[in-house]
Amino acid sequence: MAVAAAAGWQSKPSPFLGRFPSHCGTYYSSRQRVGFASRSACIKALFWGPKKVEPASADLSLGEFTLTSLGTEDVLASGPKKILVSVASSILDVASKDWDACALDATGLESFNPFITHGFLSSLEESGSAVKETGWIPQHIVARDESQNILGVIPLYLKSHSYGEYVFDRSWADAYYSYGARYYPKLQCCVPFTPVTSPRILIRDSAYKDQVFDILASALKNLVQKLQVSSLHITFPSESEWIRLKSKGFMQRVGMQYHWKNRDYKNFDEFLMDMKQSKRKNIRQERKKIGEQNLTMKRLRGDEIKARHWDSFYKFYRNTTDNKWGSAYLTREFFHIMGSKMGDQVMLVVAEDGDHLVAGALNLIGGDTIYGRLWGCDPRVYYPSLHFEACYYQAIEAAIELKLNKVEAGAQGEHKIQRGYLPVMTYSSHYLSDKEFGRVIEDFLQREKAQVEYVINLFRDSGPFKEGIHDDVVP
């Protein structure tokens, strides 16, 4: 058997997985199993076995399915009777109007999410950010009726690593490897590099949408078998999808993010009055520093964002990735392409020192939410509190002005709590081909869920708001 390895992480046994199965039927602890897991290894992608798994061809059919009667007259008579499910090797093979119609029906106009649009996802492919060369092979699922009308789509990728997902499964890969099994390639249903909750199975609104959902969920599992991959991971789905997928054989996982909630504030000061005195004072001091450093903050949207802004922001972004992660997921071209396609849905917060751009924070605007995504600054300078101003306070001000419901400030960061962002639960669904191994993962997920719930409640009980404020917010 051959092992292909390409720059990655320190491999070590997971403290959570405990025992896992061998193919001989004997259970071993993660410490007993192999010596390999205790020594350093640079692993990004592992391919075990003589045959490399290839992506589905562009015209791969996942089957033809018959819709059943809904018990009402003329529904099936006037609508489709069969659903044909296939794989698209690029989102460019699907018309933007058809994809976006599915996305909009899946969320509704008020909860519109810009990340699941054709414009955003195609920008990732066209820019070379989420493509085969970077370990993201598009395998999008498309459901059509007999007249070739598109009834549902799913963003899906065949992956050779676990980077850019924000739901961490590298310990699972280590455990697979340590007992001689292949974890990569795997299937990943997500928006690449984007830890934002939204529907993942995007279906047109119709009387038979529930049947289409069931058909697509089955098609996803069938593709796991067709491609002979280890697993399928649906990350950051909506809560309703997460619940429904459990009945389809998917394991449930939870995580945590920090979101700001708008309580119909008229301005930023009104929001501050909901906070404890010490937190309110700290925020005012941080914001005061921006003016004392002669910085000017601007929120640019759509055509206000010029090519020079994107070029500068890419440098800032690279400064962040080079210092924090060591490599950049997104190319320079991505920002230019995405900006041109997404228009006013893009909000770029910039900081200027005189005539010079010195920092920026990228946000996208949805139906009821501002989504904070990326931040960076000029590596040659340092401005205290600028990160908090650009990423958190400017987004809050914008949400208040635009009368939006919330701000999602991205993954991780307990420092967000004292600045008004409270912990909320996120979701993911996982399907493993190896049922024996799946039982071990299931046990881990149940213990992990209890820990996440405990931490969320702990943070909320010691939150930054006055007593009684935000008690109605569900984690």
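Is F193 buried or exposed? F193 is buried, at a relative accessible area of 6%; buried means under 20%, exposed over 50% and partly exposed in between, with a 1.4 Å probe and protein chains only. This is a predicted model, in which local features need pLDDT of at least 70, side-chain atom pairs count only at pLDDT 80 or more, and totals for chains, interfaces and linings use all residues. Residues are numbered from 1 along each chain as its sequence is written, and side-chain values use heavy atoms, with hydrogens and water left out.

**Overall build**
- The protein chain holds twelve helices and 20 strands. Helices (H or I, at least four residues) and strands (E, at least two) are DSSP runs, numbered from the N terminus.
- Of the 475 residues in the protein chain, 55% are buried.
- Accessible surface comes to about 21,100 Å², with 49% belonging to carbon and sulfur atoms (Shrake-Rupley method, 1.4 Å probe; for residues, only the protein chains shown count as cover).
- Among contacts with a separation of 6 or more, 77% join residues 24 or more positions apart. Contact means heavy atoms within 4.5 Å.

**Largest cavity**
- The whole structure has four cavities of 30 Å³ or more. A cavity is a set of points on a 1 Å grid over the protein atoms alone where a 1.4 Å probe fits but cannot get out; a pocket is an open set with protein on both sides within 12 Å along at least five of seven lines; lining residues have an atom within 4 Å of a point.
- The largest cavity contains about 70 Å³ of space. Grid points are joined across faces, edges and corners, and a volume is the space filled by probe spheres set on the points.
- Its lining residues include L124, F193, L330 and F334. Two or more residues each come from α3 (118-126), β17 (356-365) and β18 (369-377).
- Ten lining residues are nonpolar, one is polar and one is charged. Ala, Val, Leu, Ile, Met, Phe, Trp, Tyr, Cys and Pro count as nonpolar, Asp, Glu, Lys and Arg as charged, and the others, Gly among them, as polar.
- Domain 1 (61-69 + 78-255 + 425-461) and domain 2 (263-404) each give at least three residues to this lining. The bounds come from an automatic or database domain assignment.

**Around L124 and S129**
- L124 lies in helix α3 and counts as buried at 1% relative accessibility.
- Beyond its neighbours within four places in sequence, L124 contacts S129, A130, P192, F193, L330 and F334.
- L124 and T331 are 207 residues apart in sequence, yet 8.8 Å apart in space, C-alpha to C-alpha.
- S129 sits in the loop between α3 and β7 (136-138). S129 is buried too, at 1% relative accessibility.

**Second largest pocket**
- This pocket holds about 990 Å³ of space. Of its 38 lining residues, T197, S198, S238, E239 and S240 are the closest to its centre.
- Strand β20 supplies the largest share of the lining, five residues.
- The lining divides into 14 nonpolar, eleven polar and 13 charged residues.
- Both domain 1 and domain 2 contribute to the lining, so the pocket lies between them.

**Backbone exceptions**
- Most residues other than glycine have a negative phi, and most peptide bonds are trans.
- F193, in the loop between β11 and β12 (202-203), has a positive phi of about 65°.
- D264 has a positive phi near 55°. D264 is exposed, with a relative accessible area of 67%.
- The Y184 to P185 peptide bond is cis, with omega near 0°.
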